[in-house]
Amino acid sequence: MKKIIFLIFISCMVFSQKKHIVEESFEVNGVCKMCKARIEKTAFKQKGVKNAEWDINNHLLTVLYDKSKLDIYQIHKSIAKVGHDTSEEQAPDEIYDKLPMCCLYNREEIKKGKQ
């Protein structure tokens, strides 16, 4: 009987934890596979992120994360801190300027496109 109660308790814990797992996508600027690796690695390092995948063609980062452990804006900020502008956060110029040449995207052109 104790085993059954324990299994029910564990099952309830697992199902209640899954309620907080959400998937969101947002724009992250970058141009190459080095950008992809940097963006995904940075997102994945955030506590609560279960999966992160950046699409080079459409510049969308899709993250699966536990919203009880992490706010989506923390992911935006962490990515900006490594040099990539997101739809909510701009990377500091001094960090962006230190990216490898192949990773530099035209910030002015992107800003004009959003206006």
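Visitor: Is C103 buried or exposed?
Guide: C103 is buried, at 0% relative accessible area. Buried means under 20%, exposed over 50%, and partly exposed in between, using a 1.4 Å probe and protein chains only. This is a predicted model: local features need pLDDT of at least 70, side-chain atom pairs count only at pLDDT 80 or more, and totals for chains, interfaces and linings use all residues. Residues are numbered from 1 along each chain as its sequence is written, and side-chain values use heavy atoms, leaving out hydrogens and water.

Visitor: And C102, buried, exposed or partly exposed?
Guide: C102 is partly exposed, with 40% relative accessible area.

Visitor: How many disulfides are there?
Guide: The count is zero. A disulfide here is a pair of cysteine sulfur atoms within 2.5 Å.

Visitor: New topic. Which residues have the most contacts inside the largest nonpolar core?
Guide: F26, L61, V63, Y65, I75 and I79. This core has 21 residues. A nonpolar core is a set of buried Ala, Val, Leu, Ile, Met, Phe, Trp, Tyr and Cys residues joined through side-chain atoms within 4.5 Å.

Visitor: What does F26 touch?
Guide: Its contacts (heavy atoms within 4.5 Å) include H59, L60, L61 and I79, not counting residues up to four places away in sequence.

Visitor: Is E94 buried or exposed?
Guide: E94 counts as exposed, at 53% relative accessibility. Its C-alpha atom is 8.5 Å from that of G83, 11 residues apart along the chain.
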